[in-house]
Amino acid sequence: MSNNGQSVKNIQLPATITIRDLAKAIDVSPIDVIKKLMANGVMVNINQQIDFDTAAIVASELGYEATLEVEETEKKENLGEIPLWRRVILSEDVNQLVNRPPVVTILGHVDHGKTTLLDAIRHTNVAGAEVGGITQHIGAYQIEHNGQLITFLDTPGHAAFTAMRARGAQGADIVVLVVAADDGVMPQTKEAAAHAKAAHVPIIVALNKIDKPNADVDRVKQQLAEIGLVPDEWDGDTIVVPISAKQKKGLEDLLEAILLVADNLDIKANPRGKIIGTVIEAKVDRAKGVLATLLVQNGTLEVGDVVIAGISYGRLKAMFDHTGKKVRKAGPSTPVSVMGLNDVPQAGEMFEVVNSEKDARAIMIERTQTQKSVDNIAKKPVTLEQLFDSFQAGDVRELRLIIKADVQGSLEPIVNSLKELSKGEIAVNILHAETGNISESDVMLASASNAVIVGFNVQADTAARNMAEAEGVSIRYYDIIYRLTEDVEKALKGMLEPEEKEVTLGHAEVRAVFHISKVGNIAGCYVTNGEIRRNARIRVFRKGEVVGEGAVSSLKHLTEDVREVKQGFECGIGVKGFDAFEKGDTLECFIIEKAAISKDVF
């Protein structure tokens, strides 16, 4: 390729650039650049900024082929922070990209009106199919508003949203967070907001139930601001739309807000590019076989295409839109129910079109073998030092934490102290901070976001512990704030000491309490599982709450001092610093082990 007899040189330019910097980049005088622009009817001065398209035209006339520069941070994010389908779109020819409908997920606290809102929006579709057609529930649907399509994912709850993101799907472009005006920001509201923020998805707040007599809009807006969702009318960047889903008030404003945010996001795809998307849901129908709902995110899916999703594959025999009507093809942001897969794929799996069933089978076999290999290797928790190593390798730019504390008075200084540590090269990103014990939802968020959970004076419930072990999520417990912040700071500097890991040995039930003079109360116990050891510690639970903790001061079986008592035997237990035992208490026996000095810490 040549220009005026000269070979064309490649150059990368940013989205905006000054005339001075453009001239420097293409090694010409700023006067030459200004002359070229004047010839094209554009009057500028040397310090004026022009957009990439204008700069590319000037560069082309001066012997350069310009491409849009990708910020270094974006490059790093594109490596693994964003879903595969978005990376596919980024790799497409920019000249073939077209606008596509935004994909919206509705999240919120239980009973705040998510389902009512979904139903109300669904029935605003005046351009929809025949009466009754909309009852074809396929997990996603489209409506038309002012001539523009909007796709809604009908996957209720932030757990489903995060489970999809944990598999790399993240189908939504926008999250609508439903908050009841009479109830305000609740625990699930905070969790849903945290999950959306972790996914880097913009949030629109639908302030529902404004028709209720006890609705307090200003109070709820204040609560939203406190969790980082500052309303735009308060100079924030969160659109808050008052609605009544029950009375169908404010729905037009909400749909307008969705389209406004979508315009700012510049949502695009290539209808003629690589065909890829997400499995929304799937099931086995007795009459039709495997039915899967697919959301096309790039390319155009057609009947007859060979699709592979995870280890499920097949040639598509038929496709149906959200109204149940048969269709032959589906473009970007279109949800369709398909027939033809040989097995039920998992919700959240990415699907793609391949050339033949032979290719699909080969990929399926390879994925099956890979999965078996992965299953044979125990999943290790992501540790602070591993994250530091990843930073040094250029893979991550932030340390993600989920903070759970016993009371608000503890939570605030912890969060403030950790934010102070963000002044270095690695930013500390607190995805979620809340009071209360560590729950399954916290573990799910950590798993999806590659985060570490930090607990202060709290415990993880049994279900959360089991999930953390299965998902490879690291949980660390503290009871002194400065130790918590000190460990995080050391980790950021690559100096974290070996972890002290808690190992549960067994449990015992208190069946009687005996008072011994000069000693205090001793718990007469029955060991229900594992064992109780003399050199261990005891945590006392009453009705699920921790009421005391301390080292084992005495352990007797009958009248003898013993080193350990195993399951099925009775014993007397004394705990240093605690003797307020009650019949029915549960005692948890545990030890603290130091991990070997390695990178597998925190």
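User: How many helices and strands does the chain have?
Analyst: Please keep in mind that this is a predicted model. Counting its secondary structure elements gives 16 helices and 36 strands.

User: What percentage of the residues is buried?
Analyst: The chain has 602 residues. A residue is taken as buried when its relative accessible area is under 20%. By that cut-off, the buried share is 46%.

User: Among contacts between residues at least 6 apart in sequence, what share joins residues at least 24 apart?
Analyst: Here a contact needs heavy atoms within 4.5 Å. Of the contacts in the chain between residues at least 6 apart, those joining residues at least 24 apart make up 70%.

User: How much of the accessible surface belongs to carbon and sulfur atoms?
Analyst: The accessible surface of the chain comes to about 30,100 Å². Of that surface, the part belonging to carbon and sulfur atoms is 48%.

User: How are H6 and H10 oriented to each other?
Analyst: Helix H6 covers residues 114-122 and helix H10 residues 251-265, and their axes come within 11 Å. The axes cross at roughly 85°. Angles from 65 to 115 degrees count as roughly perpendicular, so H6 relative to H10 is roughly perpendicular.

User: Which class do the residues in the contact of H6 with H10 belong to?
Analyst: From H6 come Leu-117, Ala-120 and Ile-121, which meet Leu-251, Leu-254 and Leu-255 of H10. The contact has no polar and no charged residues. Its six residues are nonpolar.

User: And H2 with H3, how many charged residues does that contact have?
Analyst: The axes of H2 (residues 30-39) and H3 (residues 52-61) come within 10 Å and cross at roughly 110°, which makes this pair roughly perpendicular. Val-33, Lys-36 and Leu-37 of H2 touch Thr-54, Val-58 and Glu-61 of H3. Sorted by class, that gives three nonpolar residues, one polar and, as charged residues, two.

User: Is Thr-300 buried or exposed?
Analyst: Thr-300 sits in the loop between strand E16 (289-298) and strand E17 (301-302). Its relative accessible area is 18%, and the cut-off for buried is under 20%. Therefore Thr-300 is buried.

Methods. Residues numbered from 1 in each chain as written. Predicted model: local features only at pLDDT ≥ 70, side-chain atom pairs only at ≥ 80, totals over all residues. Heavy atoms only, no water. Axes fitted to C-alpha atoms, helices over the stretch in contact; angles between N-to-C directions. Helix = DSSP H or I, 4+ residues; strand = E, 2+ residues; numbered from the N terminus. Parallel < 35°, antiparallel > 145°, perpendicular 65-115°, else oblique. Nonpolar A, V, L, I, M, F, W, Y, C, P; charged D, E, K, R; others polar. Buried < 20%, exposed > 50% of the residue type's maximum accessible area, 1.4 Å probe, protein only. Areas by Shrake-Rupley, 256 points an atom, 1.4 Å probe, with all protein chains shown as cover.
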